[in-house]
Amino acid sequence: MKRTIVILLALALVLLALGCQGSSQQSTSGQGGNANTADKVPYKIGAVISVTGASAPLGEPEKKALQMEVDKINKDGGVDGHKIEVFIEDDQSDAKNANIAASKLIDEKGVIAIIGGTSTSSTMAMKAKAAQAQVPDVAMAAGIQITDDPGKQWMFRTAQSDALAVQKVIDYMSNTLKIKKFAILNDANGFGESGKNELKKLAPKAGLEVVTSESYKTDDTNMTSQLTKIKGTDAQAVVVWGTNPGPAIAAKNMKELGMKIPYIGSHGISNKSFITLAGSAADGVVFPAGKILVPSSATGEQATVIKTFMDDFKAKYGESANHFAGHAYDAIHIITDALKASGGDKSKLRDEIEKTKDFVGIGGIFSYSLTDHDGTQQSDLIMIKIQNGQWVEASK
């Protein structure tokens with residue numbers, strides 16, 4: 001009898017232990033909303049962003065958007081149960097640092113994809129490493145050379161290319177302003193030089209003449225000399241191609257010189273810092289940008305995507321999302337969508353990114369292909385005009 005009681009007590013203890021073990025597993029798998037999430041290896045994604053330095057007005061909103069979207073993806077269970085682990089490196093707006101950061105992310109962290117850089121110069125510094133390591137890189141910069149040979153098969157972008165933006169500017173000058181001659185003032189960095197080259201290439205096809213071309217260094221604090229030379233020509237408009245603070249300084253200098261010809265900027269000034277830095281000189285400036293700056297210009301599913309993103313960004317950070325924050329949103333979602341088909345295989349991931357078709361993003365409706373790693377169309381851009389410190393869609 002005693003032996004029977006002992007056996008029964010032993011069985012009860014075993015059943016109790018099994019019950020506790022099952023309870024523990026349920027609690028762990030419940031984190032992230034997927035029963036297998038805790039057992040799956042995270043997907044590691046790197047990002048090289050200019051959080052500080054000259055390009056910080058672009059990089060800071062990119063970083064915020066990336067962190068916000070990764071948090072949301074993981075809260076929803078990740079990608080097929082795999083959490084996204086993102087490693088963000090600040091290149092301090094220095095191309096050399098970008099190359100070092102990319103190497104660190106690939107060689108030490110073992111990332112399967114990279115987002116970045118913020119600027120054309122930083123992205124170009126990372127391009128060879130991405131190709132050599134065969135890690136897909138979704139850039140947030142506009143220079144046309146990013147997706148040119150060599151190494152283009154590993155490079156994609158979410159920023160509208162400068163070729164698209166330049167064509168938008170050319171069409172605006174021809175069809176809206178109806179002018180024939182213009183001047184160029186560009187930053188002497190990768191983005192500025194690329195824009196200048198595209199302007200010179202595309203202008204003659206539209207019957208436009210570049211009467212003079214001047215440049216400035218990224219850290220210059222005055223462009224009066226260059227603008228005085230432009231003022232002495234018969235240019236009917238000046239196209240300023242760069243990112244802040246240079247373009248804002250140029251706007252103030254033009255006002256000081258009493259220059260009345262139109263100022264047309266690049267999509268590199270698609271943030272409020274241009275308006276803040278230029279002050280009243282910002283009024284009247286026109287530039288191409290994504291539809292997020294004037295959400296009413298978006299239609300259909302994209303309007304919903306933009307509204308949700310802007311509402312979430314405002315709620316989390318207490319500020320409005322801009323064109324550059326949208327680049328990060330598009331990059332992380334294009335990569336995670338591709339991961340659903342490729343798993344953690346980075347070579348298959350590259351192929352799946354290339355198969356992206358009709359992805360509704362902030363910067364446009366993205367479709368990549370074997371011959372197109374830019375993804376957007378000219379229709380994804382609108383011309384913006386600054387009026388009383390606000391963005392409005394420019395008249396066509």
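This is a predicted model: local features need pLDDT of at least 70, side-chain atom pairs count only at pLDDT 80 or more; totals for chains, interfaces and linings use all residues.
Let's start at Gly258. Just after helix 8, Gly258 takes a positive phi of about 70°. The exception to keep in mind is residues 1–35, where the pLDDT is below 50. Beyond near neighbours in sequence, that stretch has 12 contacts in the model.

Back to helix 8. The helix covers residues 246–256 and is mostly covered itself. How many of its 11 residues are buried? The count is 8. They are Gly246, Pro247, Ala248, Ile249, Ala250, Ala251, Asn253 and Met254.

What do these buried residues pack against? On the strand side, there are strand 6 (181–187), strand 7 (209–216), strand 8 (238–241) and strand 9 (263–265). Two helices join them: helix 7 (224–231) and helix 9 (272–278).

Next, a helix pair. Two packed helices are described by the angle between their axes and the distance between the axes. Helix 3 is residues 95–107, and helix 4 is residues 120–133. Their angle is about 30°, and their axes lie 7 Å apart. Helix 3 and helix 4 are therefore roughly parallel. Their crossing is right-handed.

Now the residues at that contact. Helix 3 brings Ala95, Ala98, Asn99, Ala102, Ser103, Ile106 and Asp107. Helix 4 meets them with Ser121, Ser122, Ala125, Met126, Lys129, Ala130 and Ala133. By type, the contact has 8 nonpolar, 4 polar and 2 charged residues.

One general point on spacing. An α-helix has 3.6 residues a turn, so residues three or four places apart point the same way.

Terms used
Residues are numbered from 1 along each chain as its sequence is written. Side-chain values use heavy atoms; hydrogens and water are left out. Axes are lines fitted to C-alpha atoms, for helices over the stretch in contact, and angles run from 0 to 180 degrees between N-to-C directions. Helices (H or I, at least four residues) and strands (E, at least two) are DSSP runs, numbered from the N terminus. Angles under 35 degrees count as roughly parallel, over 145 as roughly antiparallel, 65 to 115 as roughly perpendicular and the rest as oblique. A crossing is left-handed if the near helix is turned anticlockwise from the far one by less than a right angle, and right-handed if clockwise. Contact means heavy atoms within 4.5 Å. Ala, Val, Leu, Ile, Met, Phe, Trp, Tyr, Cys and Pro count as nonpolar, Asp, Glu, Lys and Arg as charged, and the others, Gly among them, as polar. Buried means under 20% relative accessible area, exposed over 50%, partly exposed in between (1.4 Å probe, protein chains only). pLDDT is the predictor's confidence in each residue, from 0 to 100.
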